Amino acid sequence: MNRKTLVLPALLGLLAPTLAACGGATAGDSGGHAIVVGTTDRFAVSEATPAPFDPAAGYDIASWNVMRSTFQTLLRPPRSGTEPEPEAARECAFTDKQGTQYRCTLREGMKFSNGSELTAQDVEFSVERMLDVGADLGPASLLGNVDTVQAVGDTEVVFHLKKPDATFPYKLATPAAAILDSQTYPRSGYLEGTEVVGSGPYLLESYDASGGVGVFVRNPDYTGTLEVRNDRIELRSFDSAEAMEKALKNGEIDVMNRTLTPAQVNRLKIADDDRIDLVESPGQEIRYLVFHTDHPTAGQPAVRRAIAQIVDRKALVRDVYERTAEPLYSLVPSGLIGHRNSFFNEYGEPDPAAARRTLRAAGVDTPVPLALHYTTDHYGAVTRQEFQQLKEQLDATGLFRTELQGTPWNAYRKEATQGSYGVYGFGWFPDFADPDNFVAPFFTEDNFLQTPYANEEIRGELIPQTRRETNRVDAADEFGRVQDVIAEEIPVLPLWQGKQYIAARDDITGTEWALNSASVLQLWELGRGVS
């Protein structure tokens with residue numbers, strides 16, 4: 001088979017592709033040995049990250065890749081389409097007209113990896129624990145609308161919501177709702193270390209933090225709805241994307257995903273190497289700047305507006321990301337219902353002269369001193385280049401005098417959410433494929449950014465209105481209004497929307513399914529066929 005780049009289509013950016021992979025493999029066929037997946041992610045147990053695989057503590061794409069492989073949720077993202085499908089549950093549904101009561105019936109015979117039976121009591125425990133201990137580091141905000149959760153016998157669980165929420169089934173399909181063994185996980189605090197006790201498609205046989213190697217073996221007691229196409233996965237961490245690429249070309253690993261640099265993507269596209277396939281698909285990863293609206297500099301609306309009038313997204317994705325990303329003019333990415341190019345509609349093309357008028361009219365002295373903060377080790381190797389270009393764009397106008405400040409992720413996230421930075425960069429991988437997940441986590445009262453910005457129209461009217469719409473198309477106008485308000489007030493500044501890439505040796509099958517629309521690596525889709 002000739003080396004090729006598969007460009008996978010998507011309907012609304014969400015529907016999974018239908019291209020056939022090279023070779024053929026049956027479920028569980030891994031060719032007799034582990035499929036080795038390379039990554040630049042690395043997990044460490046430290047004071048800042050005491051429990052990287054505890055669902056109440058981990059809230060990033062790397063941790064969720066592990067959790068989705070080892071824990072079950074009542075529902076799961078579909079292989080194609082958008083509606084969640086049953087997983088640990090046999091069926092789930094709203095049981096009242098108001099949309100505030102949601103009931104699930106569990107499958108029978110499910111067991112945790114330690115042999116304990118999985119029951120509705122474990123679901124109740126897991127949700128209550130998440131709400132109690134997951135607020136600081138974890139994704140508890142996704143379940144923040146749960147008023148009470150009640151186990152009814154061993155196989156029924158009922159959720160009572162504070163307000164109607166049509167997106168609640170989507171949230172139950174995330175690791176925020178991972179089902180934990182109530183006899184293993186502490187009711188208060190985290191299960192520290194790298195132990196995982198779950199009922200998902202894989203068991204985490206071992207994780208060597210010093211060597212950065214995790215071994216996943218197929219769970220013989222798994223009774224969910226996923227079809228597992230291999231018996232063993234080895235997740236191997238690399239210090240750099242270059243070292244990972246070398247290992248792929250040398251046959252030391254079979255797959256590389258997070259994080260391919262733009263230069264690698266383009267190199268693999270044109271390389272004459274029949275042994276390696278590159279798969280490209282639409283993605284919903286976004287990157288944006290956050291403004292602390294109480295900061296003496298970034299808190300000034302004229303400063304934020306001037307930055308919005310200067311930043312050149314097209315240059316950013318061309319010169320730094322080599323067109324492996326697209327300019328983004330809203331927090332809601334293209335391909336989702338209700339997407340609106342609100343920032344372009346408000347500011348148009350970059351216009352330094354307009355920025356000068358904005359600052360002058362507000363009486364802001366120039367050049368404005370500004371620190372741009374970024375994380376050095378979380379979003380990929382070219383993050384510093386991205387911020388260097390942002391600095392150059394701002395400084396070239398003579399209106400700003402910027403400095404760059406890079407910080408490792410473990411300290412960066414904490415300092416950012418504690419209000420230590422005026423302007424800083426964050427990325428977002430969606431928890432589920434709905435525009436709500438690009439709005440509510442940022443602007444509800446208990447938002448994960450923990451910024452002082454609050455808009456009562458968004459928080460008190462628009463988000464509740466969108467959540468009452470079971471037909472999500474009917475919420476498009478409200479989502480559009482949210483995006484317009486954000487463009488007017490600029491608590492955040494969207495920069496770009498990424499494409500997804502995965503590279504693999506040509507005997508690996510399933511790569512066209514291995515990344516879902518939220519960039520989650522679905523290890524169970526990988527198999528080993530005939531090259």
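1. Buried is used here for a relative accessible area under 20%, exposed for one over 50% and partly exposed for anything in between, computed with a 1.4 Å probe on protein chains only. This is a predicted model, in which local features need pLDDT of at least 70 and side-chain atom pairs count only at pLDDT 80 or more, while totals for chains, interfaces and linings use all residues. Residues are numbered from 1 along each chain as its sequence is written, and side-chain values use heavy atoms, with hydrogens and water left out.

2. D434 is buried, at a relative accessible area of 2%, and lies in the loop between β17 (423-428) and α12 (440-443); helices (H or I, at least four residues) and strands (E, at least two) are DSSP runs numbered from the N terminus. Its side chain makes a polar contact with that of R472 at 2.9 Å, a polar contact being a pair of N or O atoms within 3.5 Å of which, within protein, one must be able to donate a hydrogen and the other to accept it, with sequence-adjacent residues counting only if both atoms are side-chain atoms. Beyond neighbours within four places in sequence, D434 is in contact (heavy atoms within 4.5 Å) with T167, L336, R472 and F479.

3. In helix α11 (residues 409-417), W409, Y412, R413, A416 and T417 are buried. They cover an arc of only 110° around the axis, so they sit on the same side of α11, the arc being taken from the directions from the helix axis to the C-beta atoms. The buried residues of α11 pack against β15 (368-375), β16 (400-407) and β17.

4. Just after α11, G419 takes a positive phi of about 85°.
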